[in-house]
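User: I would like to learn how to read helix faces, salt bridges and surface patches from a model. Can you take me through one case?

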Amino acid sequence: MDQQVHFTTLATADLDAARRFYVEGLGWRPLLDVPGEIIFFQVAPGTVLAFFETARFAQDLGTGVERPAVSGVTLAHNVADRDAVRAVAEAMTAAGGTVLTAPEEGAFGGVFHALVADPNGVVWEVAHNPGWSVDADGTVRLG
């Protein structure tokens, strides 16, 4: 198996709230939007993030679990500087997100970050780490 992830799909209790947050609030463009079922966003070359209505998600899994929950997952959005951390956290809040951790120095690795939950509880870390970078081709450089 190649070391790649092409789709990340999250169970979403309120798909309409997710749509309002990402499309209307943050200005994301859906790759595909199936009302009442799922919405896909191209988030990087070869990478799609999907929000799948929880009952449909559970049906697709075939587990019989009525409401699977997102747990122990943080999505990270890295930015160029500390001011961008503040600006993105403010934009996410204005779009309906909830600040869990206001912009601050992180405990690890020289990061300056904020944690914001979307309306369905998906936690985003908005971070600036001067020791990390992302090349134009999407390659992440750590350290």
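Predicted model: local features only at pLDDT ≥ 70, side-chain atom pairs only at ≥ 80, totals over all residues.

User: Which residues of helix α2 are buried?

Analyst: Start with the terms. Helices (H or I, at least four residues) and strands (E, at least two) are DSSP runs, numbered from the N terminus. Buried means under 20% relative accessible area, exposed over 50%, and partly exposed in between, with a 1.4 Å probe and protein chains only. In α2, residues 54–61, the buried ones are Thr54, Phe57 and Ala58. They lie on the same side of α2, because they cover an arc of only 95° around the axis. That arc is taken from the directions from the helix axis to the C-beta atoms. The general idea: an α-helix has 3.6 residues a turn, so residues three or four places apart point the same way.

User: What covers the buried residues, and which residues sit on the other side of α2?

Analyst: The cover includes β1 (7–12) and β4 (47–53). Contact here means heavy atoms within 4.5 Å. On the other side, Gln59 and Asp60 are exposed.

User: What is found at the start of α2, and what just after it?

Analyst: At the start, a side-chain oxygen of glutamate 53 comes to within 3.1 Å of the backbone nitrogen of alanine 55. Just after α2, glycine 62 has a positive phi of about 70°.

User: How many salt bridges are there?

Analyst: The rule is a side-chain nitrogen of Lys or Arg within 4 Å of a carboxyl oxygen of Asp or Glu. By it, the count is six. One of them pairs arginine 56 with glutamate 37, at 3.5 Å from N to O. That pair links distant parts of the chain: arginine 56 is in helix α2, and glutamate 37 is in the loop between β2 (30–34) and β3 (38–44), 19 residues apart. Arginine 56 is partly exposed at 39% relative accessible area. Glutamate 37 is also partly exposed, at 27%.

User: Where do aspartate 83 and arginine 86 lie?

Analyst: Both are in helix α3 (residues 82–94), three residues apart, about one turn of the helix. Aspartate 83 counts as exposed because its relative accessibility is 54%. Arginine 86 is partly exposed at 35%.

User: Which residue does arginine 141 meet in a salt bridge?

Analyst: Its partner is aspartate 135, at 2.8 Å from N to O. Elsewhere, salt bridges that share partners join Asp16, Arg19 and Asp33 into one network.

User: Which residues make the nonpolar surface patch?

Analyst: Patches take residues with over 30% relative accessible area and no salt bridge; like charges are joined within 9 Å, nonpolar side chains (Val, Leu, Ile, Met, Phe, Trp, Tyr) within 5 Å. Here the patch consists of Trp132, Val134, Val140 and Leu142, with about 420 Å². Areas come from the Shrake-Rupley method with a 1.4 Å probe; for residues, only the protein chains shown count as cover. Strands β9 (132–134) and β10 (140–142) each supply at least two patch residues. Valine 140, in strand β10, is partly exposed at 49% relative accessibility.

Conventions:
Residues numbered from 1 in each chain as written. Heavy atoms only, no water. Polar contact = N/O pair within 3.5 Å; in protein donor to acceptor, adjacent residues only side chain to side chain.
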